[in-house]
Structure formats: C-alpha cells, structure tokens
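Please read the following with the sequence and the structure open side by side.

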Amino acid sequence: MRGGDGLMRVLVTGAAGHIGGHVLDALLAAGHEVVATDRVPVDDPRPARVHIGDLRDAELVSAAMDGVEAVVHLGAIPHPDVDDGSALFAANCLTAHRVLDSAGRAGVRRVVAASSLSALGLAWAPTPQSPRYVPVDEQHPLVVQDPYGLSKVALEEIARATHRRYGTGIVCMRFPFVGTGERLARHFERVAADPGGRNAAELWGWLDTRDAAEAVRRALEAGPDGCHVVNVAAPDTSSPLPTAELLRRYHPDVRVRAELPEHGGLFDLSAGAELLGRLPTRPGPGSR
C-alpha cells in the first residue's frame, strides 16, 4: 500500500472504455494512483502511466504491471457482434490469462475482473431460453452456447486457477447491460417499447455505470481472500412493467423461489452484498 494509508497503485485495463472511464473517476476520487492501458489512446491526463497496446502482448502487460498493487481487468471485446466468434473467444481468453497470470507472477494480491451475466448463456442464446429459476444466483446452471458468454465462463475459470496457483484474491463481477446518461436513457426507451427479444433474454438486468465503478472500488478496497464470482446488478428491472407481468409474458414456466418486489430484479444479489456490502444503486424506470 502506498504510504500505509490504504491507497494503492492500480492497473486498469480497458481504461478508455465506457466502464473504464468511470472506474478511473472512482479510483482517482478515492485517492488511488492509476496505471492505465488500452488498445486506443486514453484521453485522460490523470493516470500516472499509460500503456497503449494489445493485452495479448506479454511485454506490454509486463511493463504495465510493474509496481502495481492491484488490477482491474476490463479489457476485452465486450459483445458478440463480430464476424469471427472463434477469434473473439481466443482474444478474450488469451488477454484474461495474460493479465491474471501476470498479476499472480508479479505478486499482485488484489484483482477485480469484469465478467458478465452473459456467462449464464441466456442473453445471446440462438434459441430463446428461460432460466431454471428466479432470482438467478451464481450457482444457476450454465447453458452458454455463444462465444462471448463462453469467454466469460473461461475468464472465471482462469480466475480460479490464478487463485489456486498464486493465492491472488480475485472478485469476478457478473455485470448486466451497463450504461449511464444518454446511453442508459436510450436503453430504457428500447425496453419500454419492446420488453421481449434480447431484453427478455437478459432478464431485464441493468446497472448504472457509476454504480458498477463503485462496486469495483469497494471490491479492491475490501480485498477479500479467495476467488469470488458475484452478480452485480441493479435491484430492479429496466422495464416499467411489473416483474410478475414480465415473467407471465416471457418466462411463464419459470420457478419463482423467493418473493419479488413489484419491480424487483431477477438476479440474486445477496452474495455480492455479503462480500462488499449492499451497494447504493440508482432506481430503474419502474421504481421512480
């Protein structure tokens, strides 16, 4: 820790991305020093160092890792809308292993990695599927078929292997759709216009990017031992319709294992709350 005051020098991969920019804001506001890396220029003068290049490059990752005490791994292809799914899978898996293994070898003790609720396999399934039960917890069976979701399953296994090999404390955060400002407003409008299709496949999960960044900061500062995979999402849905109505329309046969609030979200957030404390999150359309 820098100066013994609990502040850290943190490497943030994917720092120029949508989540990355908000994570920089959260970490720097808390007094941490940031080292940033991305494939594109990081248009921010605040990081102590910036490394531009591909995370598949071992020398770049080693240079970026020099002297850091914690890592936030956000650098990945963030969606499956690509022509070559195999290349997406290979890139995301290689970069995840490169970063996490390098962190372990360097003696970094704290890592937060961006996984995705797409790891479940519902969001991008070629044939619509319903969950086995709701709220969906981290033990829900994986039914993934698409290369993006599969790459996130691999990320979580890489994290477990890294912890077993090096003892690194790692938190993998399964995020839903993440947005803020106009990006989030447009998403809410799309869901209101059509709650079905991909929105139903994603179980109307969402999270304000500022809340995602706050979750990352908390996980770094808590520094829990072990390797943890946790759902991190808003506690309500992205739809103005009541949750019971959404289930009746789009997932009528799903087993409901707990009482749901009128606009309650369909992801179990208790594991993350136990690990990090309950996050203050901004309300969705139905809760305003």
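Predicted model: local features only at pLDDT ≥ 70, side-chain atom pairs only at ≥ 80, totals over all residues.

A polar atom of the K152 side chain lies 2.9 Å from the backbone oxygen of A114. K152 belongs to helix α4, which covers residues 147–166. The lysine is buried but makes no salt bridge. E156 carries the nearest side chain of opposite charge, and that side chain is 8.5 Å away, whereas a salt bridge would need a side-chain nitrogen of the lysine within 4 Å of a carboxyl oxygen. Beyond its neighbours within four places in sequence, K152 is in contact with A76, A114, S115, S116 and A119.

Three of these names, A114, S115 and S116, return in the surroundings of M173. With sequence neighbours within four places again left aside, M173 is in contact with V112, A113, A114, S115 and S116, and also with A215, V216, A219, V230, V232 and L276. M173 is also one of the residues that touch the most other members of the largest nonpolar core; the others are V12, V23, V72 and F175. That core has 32 residues. Two or more of its residues come from each of β1 (9–13), α1 (18–29), β2 (33–38), β4 (70–73), β5 (110–116), β7 (169–175) and α7 (209–222). Helix α7 supplies the largest share, six residues. As a general matter, nonpolar side chains tend to be buried together in soluble globular proteins.

A215, one of the contacts of M173, sits in helix α7. Is A215 buried or exposed? Its relative accessibility is 0%, so A215 counts as buried. Apart from neighbours within four places in sequence, the residues in contact with A215 are M173, V232, L276 and L279. For a sense of distance, the C-alpha atoms of A215 and A90 are separated by 28 Å, and these two residues are 125 residues apart along the chain.

Strand β2 holds T37. With a relative accessible area of 1%, T37 is buried, and its side chain reaches the backbone oxygen of H51 at 2.8 Å. Not counting residues up to four places away in sequence, T37 touches L11, V12, T13, G14, A15, H51, L55 and L60.

L60 leads on to helix α2, residues 58–65, where it is buried along with V61, A64 and M65. At the N-terminal end, α2 is capped by D57, with a side-chain oxygen 2.9 Å from the backbone nitrogen of E59. After α2 comes G67, whose phi is positive, near 80°.

Some other backbone details are worth checking in the model. Most residues other than glycine have a negative phi, and most peptide bonds are trans. L203 is not a glycine, yet its phi is positive, about 55°. W204, also a residue other than glycine, has a positive phi near 55°. L203 lies in the loop between α6 (198–201) and β9 (206–208), and W204 is placed in the loop between α6 and β9 as well. L203 is buried, with a relative accessible area of 1%, and W204 counts as buried at 1% relative accessibility. The peptide bond from V134 to P135 is cis, with omega near -5°. P135 is found in the loop between β6 (133–134) and α4.

V134 is also one of the contacts of R255, together with R132 and Y133, once neighbours within four places in sequence are left aside. R255 is in strand β11, residues 255–256, and counts as partly exposed at 48% relative accessibility. The C-alpha atoms of R255 and Y133 are separated by 4.6 Å, although the two residues are 122 residues apart along the chain.

How values were computed:
Residues numbered from 1 in each chain as written. Heavy atoms only, no water. Core = buried A, V, L, I, M, F, W, Y, C linked by side-chain atoms within 4.5 Å. Buried < 20%, exposed > 50% of the residue type's maximum accessible area, 1.4 Å probe, protein only. Helix = DSSP H or I, 4+ residues; strand = E, 2+ residues; numbered from the N terminus. Contact = heavy atoms within 4.5 Å. Lys, Arg positive; Asp, Glu negative; His and termini not counted. Polar contact = N/O pair within 3.5 Å; in protein donor to acceptor, adjacent residues only side chain to side chain.
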